[in-house]
Amino acid sequence: MVHSCERNIPSWVSVGSLLLSLYFHSITVGGAALKQEVALENGATVLNHSMTLVQRMETLLALGNGSDITLRVQTINTDEVKVIQAHTLVLTLQSDVFEELLLNRNTSTLVLREMPDCAAVFDKFVRYLYCGDISVRLDQAIPLHKLASKYHVWSLQQGLTQYMTQHLSSDSPAGHVVGWYQYAIQIGDFVLRDSCLQYLSWNLSSVLQSGEWGSISEELLLSLLQRSDLILQSELELYEALEAWINQNQPASPTVESALRAVRYGMIPPQHLFRLQKQSPLMLKYYESIRDLLYLAFQFHSASPIQLAKYFDVNCSIFTPRNYLSSSWGSPWVINSPTRDDRSFSFQTQLGPSGHDSSKKVTWNALFSPRWLPLSARSTYTELGAMQPTRTDGGRPRIIVTPATSSPDFAGVSFQKTVIVMARQQGKVVVRHVYNFHQSTEESGDFLADADLQRRVSEYLIDSSLYLHIVVKPLYHTLIVARK
């Protein structure tokens, strides 16, 4: 007998196969919803009583009428026992695991042993078997997923995976994305793992400021530090967050050294590096482990990148920027009513992160067009000079970012352009998509290819506006010097 009657039903859950089969044998007239079925011949109609049937199945479970099996759910390592009056027909049709367990029983009671988190939601799980819907909180997703996997209820398992990938940005007191990532690693769910890792990488600044940062594992920490697609304010912000994580978790020295060597010190301005050398307890303790990286970073800041490229490999990670949101690297751009007309925007960035170039600026021109048409789709002229109309779908959004002027300082440098699209999910502004321009082009070919900007409620818009952030990353090239 279960007395929970949740009504907060996610849209991804549908009525189970059992209820659909029973429905066709339980048609009544009272309260029926009639609808025309186009596929049926001779004007036939379908009597739809599915909601009435769901209500009756829920009542059947709650009252335990006609129950022929008692589920005793024992919580492991405790004396807590939960008793549920159930029906063999329902359990066996929904789960082949239950079918095998019930086939081998010799009493009217089935004893199940579950961990505390799973035992706490077992009544919800059983209710899903009867009603085909379930309400889920963030902290219940993993235990329900464990039960769905254990008892082979694949529709629920898939629905919970989708729920987790769609609720990464939801607020929770202690955070949940790191826990979901660790769970995905444990069960080998690579889709969920990659979704969690992408969310953490793209929204790292907010993660660093949350309580969730301190809970990440050593493996996840080192994995994040290796990535170039992290979105955060600056490399200095990452170093300070790393120091806080190390102070809180006290990992072994090899882990600390590996983490410190993954910091891109060349992206930290020299004045901050000097301060860290004198004031950071972590750097003072492990200075010998990163001395070579700091020496290389100071060389990078003191010499022309072209001169440095003659003697060092400037393609290594210490000289490769991440996606920094500080004003030196780019600018936000809010486009109101983006479908209205073309827009342009100018902003400045530093020529490069090297202290040698700290006073040199580059002006960039950005152009956004909501309905750009490729040449092949534009109107053409006939031999008589008359315009030949061409059928189009109205074009697609396009963005171009180009330098306002050329300069000899650009020698040996290419500029990687990244356009970050923000969106509001579960009431929080997060990164929705990231577009990287190829270094040899000035535009992103697939920019907003799947976005419907015409809809005011488009998931790419915030209050009918398109929120972008353009990041320009200078990448240096090693010079090949011919031998004499």
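Predicted model: local features only at pLDDT ≥ 70, side-chain atom pairs only at ≥ 80, totals over all residues.
I started with an open sheet of three strands, order S4-S3-S5, with mixed pairing. Strands here are DSSP E runs of at least two residues, helices H or I runs of at least four, numbered from the N terminus; two strands pair if DSSP finds at least two bridges between them. S4 (81-86) and S5 (109-114) are the edge strands, each with a single partner, so one side of each has no neighbour in the sheet.

Numbering runs from 1 along each chain as its sequence is written, and side-chain values use heavy atoms, without hydrogens and water.

Next I checked S3 (residues 69-75): six bridges join S3 to S4, antiparallel. Thr70 has Gln85 in S4 as its bridge partner.

Then I looked up the open sheet of four strands, S8-S16-S14-S15, with antiparallel pairing. Its twist averages 25° from one strand to the next. S14 (residues 413-425) pairs with S15 over eight bridges, and I found Ala423 opposite Val430 in S15.

Last, Glu235 in helix H13 (residues 235-249). Is Glu235 buried or exposed? Glu235 is buried, at 1% relative accessible area (buried is under 20%, exposed over 50%, partly exposed in between; 1.4 Å probe, protein chains only). Beyond neighbours within four places in sequence, Glu235 has contacts (heavy atoms within 4.5 Å) including Arg264, Met267 and Tyr324.

Technical notes:
Axes fitted to C-alpha atoms, helices over the stretch in contact; angles between N-to-C directions.
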